[in-house]
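Colleague: Hi! Could you walk me through this one while I have it open?

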Amino acid sequence: MQSQTTGLSANKGAARNPSDQPASRNVTMSATATKQQVTRQDQLAAMLFRRKGASIAQIIKAFGWQPHSARAAISGLRKRGIPVESSVENGKRIYKATDPKAAT
């Protein structure tokens with residue numbers, strides 16, 4: 001059976017120097033570390049900016065929220081300055097975000 005080394009020097013048992021790693025890996029790690037996370041509010045806004053908008057049922061399914069939580073999140077978008085319109089289409093309430101610049 002062959003022994004495998006994972007991150008330790010075979011002779012001394014000391015950790016490898018990070019500069020021994022390939023440069024591409026170091027670049028990838030730094031790019032990942034600075035990448036900003038996409039929040040659920042951002043994802044919800046993207047759903048509402050679609051041409052067809054989104055219904056409460058679609059939001060519930062996408063995020064696993066209760067109906068009151070989905071409506072509260074829509075209200076939070078409005079507080080952030082994103083105009084959200086609602087209308088009834090085919091018996092379902094549909095929420096659509098509009099261009100914030102068009103509202104002023």
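**Charged pairs and a helix contact**

Modeller: Happy to! Let's start with Glu89, which is partly exposed at a relative accessible area of 34% (buried is under 20%, exposed over 50%, partly exposed in between, with a 1.4 Å probe and protein chains only). This is a predicted model, where local features need pLDDT of at least 70, side-chain atom pairs count only at pLDDT 80 or more, and totals for chains, interfaces and linings use all residues. Residues are numbered from 1 along each chain as its sequence is written, and side-chain values use heavy atoms, leaving out hydrogens and water.

Colleague: What does Glu89 form a salt bridge with?

Modeller: Lys96, with the closest N and O atoms 3.4 Å apart. A salt bridge here is a side-chain nitrogen of Lys or Arg within 4 Å of a carboxyl oxygen of Asp or Glu. Lys96 is partly exposed too, at 26% relative accessibility.

Colleague: And how many salt bridges does the structure hold?

Modeller: Two. Asp42 also pairs with Arg80, at 3.5 Å between the closest N and O atoms. Asp42 sits in helix α2 (residues 40-49) and Arg80 in the loop between α4 (67-79) and β2 (84-89), so the pair ties together parts 38 residues apart in sequence. Helices (H or I, at least four residues) and strands (E, at least two) are DSSP runs, numbered from the N terminus.

Colleague: Switching topic: which residues of α2 and α4 meet?

Modeller: Gln41, Leu44, Ala45 and Leu48 in α2 meet Ala73, Ile74, Gly76 and Leu77 in α4, where contact means heavy atoms within 4.5 Å.
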